[in-house]
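Thanks for coming. I have one structure to go through today, and I will keep to a few local features and one chain contact.

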Amino acid sequence: MKKIIAIPLCFLLAAVLVLFCVSLIGTVVISPAMKKDGAEVSESVNREELELVRERIDTLAGLYGFNAEPVKEFINEETLRSLNWQVSRWWSSVMQNGKAGDDLSWDTSDLRELLYEDTLLTADGNWSAIENKIITITQEVRESLFRVVLPMRQSLIRLGLKKVGERIDLSNVINFFMGVPWAALALCALLAGLIALLESRNIVKALPYIGSALGGAALVLAALTVLYLSAGIMPMIREASQSLTIQYRTVETRALITAAVLAVLMTTGCCLCLRRRRKDGRNV
Amino acid sequence: MSTEAKSRGKGRWVFPLLIALPFLAVITLILIRYGTSLLNMINVLIKTVVTS
């Protein structure tokens, strides 16, 4: 009779453990954006984005016939850092208020001044054409910068968030989601306690059930990770945008490390529980 | 420990797999039924939202 109740509880414990793992990974991914001042962007991301911007400037220089080197020197890591900080604030606004943040801004007056000093651009002396060209180049450089740091259609996201906001309070949903892992963990403790209670309040007798649930959850988590990796999400993103690939890689790494740590912890827990019971020499 | 007890002890290591099997079966069924359309949807979503 005890077994008939303990086995479903064991399955339920495994299911709640999987829910805990999945929600914890989700929480780890979105938690940097939950900071009021936005997440810190790593220096390696800044550098890779800068390389992309510089490649784009080279292309623009070939297209419009200006000297690329001064522009490439003008746009440095500090520029990217400042823009990435704005992007972090933008994401924070999405996560905390359920609304898209302010549009990105970047003062182009210094770049325009720099282009006026470019002898390659000003050689023909037709100032009206030169001015038009400089305005176009400045806009193109600005757009390239924005596309690298935030490779999303901001207007589309704003519209989507507005539509979603009419139906549900997104910030409440996100806040609720942030609490799910801890609620699931509490439920796990409760279920483990119930199994122990069933086994005449003897935790040693309950260990095989708890160990099996831990091992089962670790296997499911491993299967989910393998499925995600074989789904080919990363190639899809790589095909869509190089800069998003750079940003997504950092998020993906964080999620995969969390999944690996959780899987190792649960497997260790499973081994300890099952070994302990075996050493004990008694069977359920 | 008797041989029988030893073999029953070793059998415990199959329990986690038995617990995981129903979950894996459900995941496989969902994948077979919705896998392709789900991936297509993700692909379309990425292409819509992302600027190249």
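Before the contact, a definition: two residues count as in contact if their C-beta atoms, placed from the backbone, lie within 7 Å. Keep in mind that this is a predicted model.

With that cut-off, the contact between the chains takes 31 residues from chain A and 24 residues from chain B. On the chain B side, helix H1 (3-11) and helix H2 (15-49) each supply at least two residues. H2(B) gives the largest share of that side, 15 residues. By type, the chain B residues touching chain A split into 16 nonpolar, 5 polar and 3 charged.

Next, a helix pair inside chain A. How do H2(A) and H4(A) cross? Their axes come within 9 Å and cross at roughly 110°. Angles from 65 to 115 degrees count as roughly perpendicular, so H2(A) is roughly perpendicular to H4(A). The crossing is right-handed. From H2(A), residues 43-64, the residues involved are Asn46(A), Arg47(A), Glu49(A) and Leu50(A). They meet Glu77(A), Leu80(A), Arg81(A) and Asn84(A) of H4(A), which covers residues 77-97. The residues of this contact divide into 4 charged, 2 polar and 2 nonpolar.

Last, helix H10 of chain A, residues 203-231. H10(A) has 29 residues and reaches 41 Å from first C-alpha to last, close to the 42 Å expected at 1.5 Å a residue. H10(A) also has a kink of about 25°, centred on Tyr209(A). Just after H10(A) comes Gly232(A), with a positive phi of about 80°.

That is what I have for today.

Note on methods
Residues are numbered from 1 along each chain as its sequence is written. Chains are lettered from A and ligands numbered from 1 in the order in which they are written. This is a predicted model: local features need pLDDT of at least 70, side-chain atom pairs count only at pLDDT 80 or more; totals for chains, interfaces and linings use all residues. Helices (H or I, at least four residues) and strands (E, at least two) are DSSP runs, numbered from the N terminus. The expected span of a helix is 1.5 Å times one less than its number of residues. The bend at a residue is the angle between axes fitted to the seven residues ending there and the seven starting there. Ala, Val, Leu, Ile, Met, Phe, Trp, Tyr, Cys and Pro count as nonpolar, Asp, Glu, Lys and Arg as charged, and the others, Gly among them, as polar. Axes are lines fitted to C-alpha atoms, for helices over the stretch in contact, and angles run from 0 to 180 degrees between N-to-C directions. Angles under 35 degrees count as roughly parallel, over 145 as roughly antiparallel, 65 to 115 as roughly perpendicular and the rest as oblique. A crossing is left-handed if the near helix is turned anticlockwise from the far one by less than a right angle, and right-handed if clockwise.
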